[in-house]
Amino acid sequence: QAQLVESGGGLVQAGGSLRLSCTASGGTFRNSNIGWFRQAPGKERVFVAAIRLNSRHTYYAESVKGRFTISRDNAKNTVYLQMDSLTPDDTAVYYCASDPGGILSSIRNGALYDYWGQGTQVVVSS
């Protein structure tokens, strides 16, 4: 029933910031793992960040640690990805994904997520 709706992508200069949003439309995240993944042109999709909604523990790819922050707003049923100090290497289509009832060992593995958003484009210029 739930659908993941993403927003916040766009064009930004290197060193700038963007905040991506992922909202569960027509449902709630409940006990899900929520992950952010990205796919650069000509590259495979890779893990970026994730949050376990029950505990609010967060997990990050090494390439974004210290620059990206994932969080949840319970009242809005929305997960955010705050992206700071962006570089051209961050240019990609960003996807949010949901794994209802997901376990900790699955949180970085996109193949185990059940639902995916449509993707939102992020372009970082030099």
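Glu62 counts as exposed, at 63% relative accessibility (exposed means over 50% relative accessible area, buried under 20%, partly exposed in between, with a 1.4 Å probe and protein chains only). Lys65 is partly exposed, at 44%. The two residues form a salt bridge, with the closest N and O atoms 2.7 Å apart. A salt bridge here is a side-chain nitrogen of Lys or Arg within 4 Å of a carboxyl oxygen of Asp or Glu.

The model is predicted: local features need pLDDT of at least 70, side-chain atom pairs count only at pLDDT 80 or more, and totals for chains, interfaces and linings use all residues. Residues are numbered from 1 along each chain as its sequence is written, and side-chain values use heavy atoms, without hydrogens and water.

By this rule there are 3 salt bridges. Arg38 pairs with Asp90 at 2.9 Å between the closest N and O atoms. Arg38 lies in strand β4 and Asp90 in the loop between β8 and β9, 52 residues apart. Strands are DSSP runs of E, at least two residues long, numbered from the N terminus. Arg67 also meets Asp90, at 2.8 Å from N to O. Arg67 sits in the loop between β6 and β7, 23 residues from Asp90.

The largest nonpolar core has 32 residues. Such a core joins buried Ala, Val, Leu, Ile, Met, Phe, Trp, Tyr and Cys residues through side-chain atoms within 4.5 Å. Among the members touching the most others are Trp36, Val48 and Phe68. Strand β5 supplies the largest share, 5 residues.

Methods. Helices (H or I, at least four residues) and strands (E, at least two) are DSSP runs, numbered from the N terminus.
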